[in-house]
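I opened this entry to log what I looked up, one topic at a time. The structure comes first, then my notes.

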Amino acid sequence: MNMTDKGRVGAPGRRPHRGFYLLAVLPALCGIVGMIFILVTGLSDMDDGLEQIVVPGARELALTPGDHTVFLEFRSVVDGRVYAVDDVGGLAVKVEAADGQPVATRMPVASSTYTFGGRQGQSIQAFRIDKAGIYRVSADYDGGAGPKTVIAVGQGFMTGMFVLILSALGALFGGIVLSIVGVAWVAWARRRTPRQA
């Protein structure tokens, strides 16, 4: 037996130790840690990407060109205060440019929902702007009374959420697949190498 064969794990005459099974499991553990890290950091960044507005009320937002979605947060937290509503019938959202020009709103192409950090939201309106600037976003009950609640304005939020989930799942299943391959290799190497007397 030459030096190369002697130093190679799984080479004839050398049976891999059972401890290699533990090494083979490491990628799966790393995948779990990676998934948690991606979700924690990603959700924190996405939280910052949603501009909350307590309504009835209004807020001026610096918006960039493109499509924006307005979400109604049935469960929300703003400045430490919890908001929870079940019925917001008649709530109307309005968007205006800095010069008072109204921006047309529409129903979202598809309904989107999210739940994270004690917040639960559903898309209710969408609008598109062509010029970056300050826009006034407001909502009320068409002049009537209604419970205080929270709306949130985001751009590309659901796409970002989809990418985040795929990245987290990729890290998890990537690690699991590597571990399965590793365990299978160790088992194969141990089986093809006779136990030394």
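I count a polar contact as a pair of N or O atoms within 3.5 Å; within protein, one must be able to donate a hydrogen and the other to accept it, and residues adjacent in sequence count only if both atoms are side-chain atoms. The model is predicted.

**Entry 1: Q125**

I began with Q125, which sits in strand β9. Which side chain does Q125 join in a polar contact? I found T105, with the contact at 3.1 Å. Next I checked burial. Q125 has 16% relative accessibility, and buried means under 20%, so Q125 counts as buried. I then listed its contacts, leaving aside neighbours within four places in sequence. T105 is on that list, along with H68, T69, V70, V93, R106, M107 and P108.

**Entry 2: salt bridges**

How many salt bridges does the structure hold? I read six. Side chains of opposite charge can pair when their charged atoms come close.

I took R119 and E73 to start. Their side chains meet in a salt bridge at 2.7 Å, N to O. The pair links distant parts of the chain, with R119 in strand β9 (residues 119-129) and E73 in strand β3 (residues 66-78), 46 residues apart. Are the two partners buried or exposed? R119 is buried at 4% relative accessibility. E73 is buried too, with a relative accessible area of 0%.

I moved on to D86 and R75. They form a salt bridge whose closest N and O atoms are 3.1 Å apart. This pair also links distant parts of the chain: D86 is in the loop between β4 (81-84) and β5 (92-97), R75 is in strand β3, and eleven residues separate them. I checked exposure here as well. D86 counts as exposed, at 67% relative accessibility. R75 is partly exposed, with a relative accessible area of 31%.

R128 and D130 came next. The closest N and O atoms of this salt bridge are 3.8 Å apart. R128 is partly exposed at 47% relative accessible area, while D130 counts as exposed at 67% relative accessibility. Which residues belong to the network around this pair? I noted D67, R106, R128 and D130, joined by salt bridges that share partners. R106 had already come up in my notes, as one of the contacts of Q125.

**Entry 3: strand β11**

I turned to β11, residues 149-154. How many of its residues are buried? I found six of six, and the strand is mostly covered. In a regular strand the side chains alternate between the two faces of the sheet. I sorted the residues of β11 by direction. T149, I151 and V153 point one way. V150, A152 and G154 point the other way. All of them are buried.

I then looked for the pairing partners. β1 pairs with β11 in the antiparallel sense, over five bridges. Within that pairing, I53 stands opposite I151. β3 and β11 also run antiparallel, and five bridges join them. Which residue of β11 is the bridge partner of E73? I read V150.

**Entry 4: backbone checks**

I looked up two backbone features. The peptide bond from V55 to P56 is cis, with omega near 0°. P56 is found in the loop between β1 (51-55) and β2 (57-63). The other feature is at D79. Its phi is near 55°, a positive value in a residue other than glycine. D79 lies in the loop between β3 and β4. I checked its exposure and found 82% relative accessibility, which counts as exposed.

**Entry 5: nonpolar patch**

Which residues form the nonpolar patch? I listed L23, V25, L26, L29, I32, I36, V40 and V183. Together they have about 650 Å² of accessible area. Which helix gives the most to the patch? I found helix α2 (residues 19-48), with seven residues. V25 lies in α2. At 35% relative accessibility, V25 counts as partly exposed.

Notes: Residues are numbered from 1 along each chain as its sequence is written. This is a predicted model: local features need pLDDT of at least 70, side-chain atom pairs count only at pLDDT 80 or more; totals for chains, interfaces and linings use all residues. Side-chain values use heavy atoms; hydrogens and water are left out. A salt bridge is a side-chain nitrogen of Lys or Arg within 4 Å of a carboxyl oxygen of Asp or Glu. Helices (H or I, at least four residues) and strands (E, at least two) are DSSP runs, numbered from the N terminus. Buried means under 20% relative accessible area, exposed over 50%, partly exposed in between (1.4 Å probe, protein chains only). Contact means heavy atoms within 4.5 Å. Two strands pair if DSSP finds at least two bridges between them. Patches are made of residues with over 30% relative accessible area and no salt bridge: like charges are joined within 9 Å, nonpolar side chains (Val, Leu, Ile, Met, Phe, Trp, Tyr) within 5 Å. Accessible areas come from the Shrake-Rupley method with a 1.4 Å probe; for residues, only the protein chains shown count as cover.
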